[in-house]
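Hello,

Here is the structure I promised to hand over. Have a look at it first, and then read on for what turned up.

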Amino acid sequence: MVSRQCVVVAGGRGAQWNCPEAAGPFGPGAGQVTSILQIGANGQVASELRRQLAASGVAHQVLARPELDMAEPASVERAIDAAEPFDILINCAAYTAVDRAEEEEELARAVNALSVEAAARACKRRGAAMIHISTDYVFDGEKDGAYTEDDPVAPIGAYGRTKLEGEQRLADVLERFAIVRTAWVYSHHGNNFVKTMLRVGRERDALRVVDDQHGCPTQAGDIARMLVAVAGQMDKPGAGGIYHYCGAGETSWCGFAREIFEQTAGWAFAAPHVEAIETKDYPTPARRPKNSVLSTSKIEQQFAIEPRDWRDALAETLQELARNEDASHHA
Ligand SMILES: NC(=O)c1ccc[n+]([C@@H]2O[C@H](COP(=O)([O-])OP(=O)(O)OC[C@H]3O[C@@H](n4cnc5c(N)ncnc54)[C@H](OP(=O)(O)O)[C@@H]3O)[C@@H](O)[C@H]2O)c1
């Protein structure tokens, strides 16, 4: 069953994007948005995109489990073939359990590569474009400096391998596509580093956090706004291909943790001491890139998208979490 989130089509194809929230930090660059088919409903990015599109007045359908199960690529084609007409598919679904992927690479590959190809094939039949999210984990992290879209890929783990294969399969099938690699995603919703830090920070006086992996924290709401802006400009000459998008500025996981506790200084718990450690002192099943910093120049120039400082986006998410906590205490 296809759940129709919003069926108001203002003028059909090329309806003007008129959601001030979705224009957000990108200002007027959001441009023209057509009818959207979204895959994935409840993930960090999927929830934000769903919320923003539902508020927008743009025709919007969502496909998710159980109707569409990316562990079964055939179900992806079937579900998309049965969808109402759409111009752009945005895929927010992925197998994202980085450590578990080391043991479940076939499942991760079905979701992140084979089903992405299946979605691309279905888009081709419908004459639709596809916007797909990928990851900094396609790189090995050995570069000194921010990764550009032209840098050589060399994933060091199963998750990154499957995501890279998904990129390649999509690009082999479809001409009109945008792959946007992002990194270090967090939200007030779902499981992520910010929520983990707040939980363990309340329980302990001291935390040890890795300080030799660097990246750019990226808010899921900002990713959703970026996706909407890209969708609205897919018909622009030269649009399409691979892009990088992440929060502006960079830090380490330790720096990220310290910023979280600095910004929550007024909250009803004593900030823990955050000790900087090295990756070798915190072994995990999957290796992570040391450098996940992505250059966003290309997406900024082509789509007039300006990533905001990661600390400002974090402040907004923390406010949202505080509001949710208040609401739950007073419920
Ligand atoms: N999280 C990060 O730090 C990070 C970093 C770099 C790139 N990315 C990329 O960003 C994108 C969004 O990530 P996220 O953090 O929003 O992910 P997330 O919160 O883990 O959500 C994953 C989404 O995928 C859907 N999904 C998983 N398995 C599925 C299956 N078998 N069939 C159908 N749907 C399935 C989930 O479905 P339900 O809606 O049913 O729950 C959910 O909507 C992904 O492409 C990810 O690779 C994430």
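Let me start with a residue towards the end of the chain: Ala304 sits in the loop between α9 and α10 (310–330). Helices here are DSSP runs of H or I with at least four residues, strands are E runs of at least two, and both are numbered from the N terminus. Ala304 is not a glycine, yet its phi is positive, at about 55°. With 15 other C-beta atoms within 10 Å, Ala304 is partly exposed. For burial, C-beta atoms are placed from the backbone, and a residue is buried with 20 or more others within 10 Å of its own, exposed with 12 or fewer, and partly exposed in between.

Before the rest, two notes on the source. This is a predicted model, where local features need pLDDT of at least 70, side-chain atom pairs count only at pLDDT 80 or more, and totals for chains, interfaces and linings use all residues. Numbering runs from 1 along each chain as its sequence is written.

On confidence, pLDDT is the predictor's confidence in each residue, from 0 to 100. The chain averages 89, and 88% of the residues score at least 70. Residues 1–30, however, have a pLDDT below 50, although the model gives this stretch 75 contacts beyond near neighbours in sequence. A contact means two C-beta atoms, placed from the backbone, within 7 Å.

As for the overall picture, the chain has 10 helices and 13 strands, and 48% of its 331 residues count as buried. Of the contacts between residues at least 6 apart in sequence, 82% join residues at least 24 apart.

Now to the ligand. The shell around the ligand has 29 residues, and the closest are Gly40, Asn42, Gly43, Ala93 and Ala94; to be near, a residue needs its C-beta atom, placed from the backbone, within 6 Å. By class, the shell has 17 nonpolar, eight polar and four charged residues. In that count, Ala, Val, Leu, Ile, Met, Phe, Trp, Tyr, Cys and Pro are nonpolar, Asp, Glu, Lys and Arg are charged, and the others, Gly among them, are polar.

Helix α2 is also largely enclosed by the rest of the structure, because nine of its 11 residues are buried. Among them are Val45, Ala46, Leu49 and Leu53. Leu49 is in turn a contact of Leu227, which also touches Ile90 and Ile131, leaving aside neighbours within four places in sequence.

Leu227 belongs to the largest nonpolar core, which has 92 residues; together with Ile88, Leu89, Ala119, Met130 and Val230 it touches the most other members. Helix α4 (residues 105–126) supplies the largest share of this core, 11 residues. Such a core is a set of buried Ala, Val, Leu, Ile, Met, Phe, Trp, Tyr and Cys residues joined through C-beta atoms within 7 Å.

A few loops deserve a look too. Trp184, between β6 (177–182) and β7 (185–186), has a positive phi of about 45° without being a glycine. Arg65 and Pro66 are joined by a cis peptide bond, with omega about 5°. Pro289 lies between β13 (273–277) and α9 (297–303), and its C-alpha atom is 9.6 Å from that of Lys143, 146 residues apart along the chain.

Best wishes
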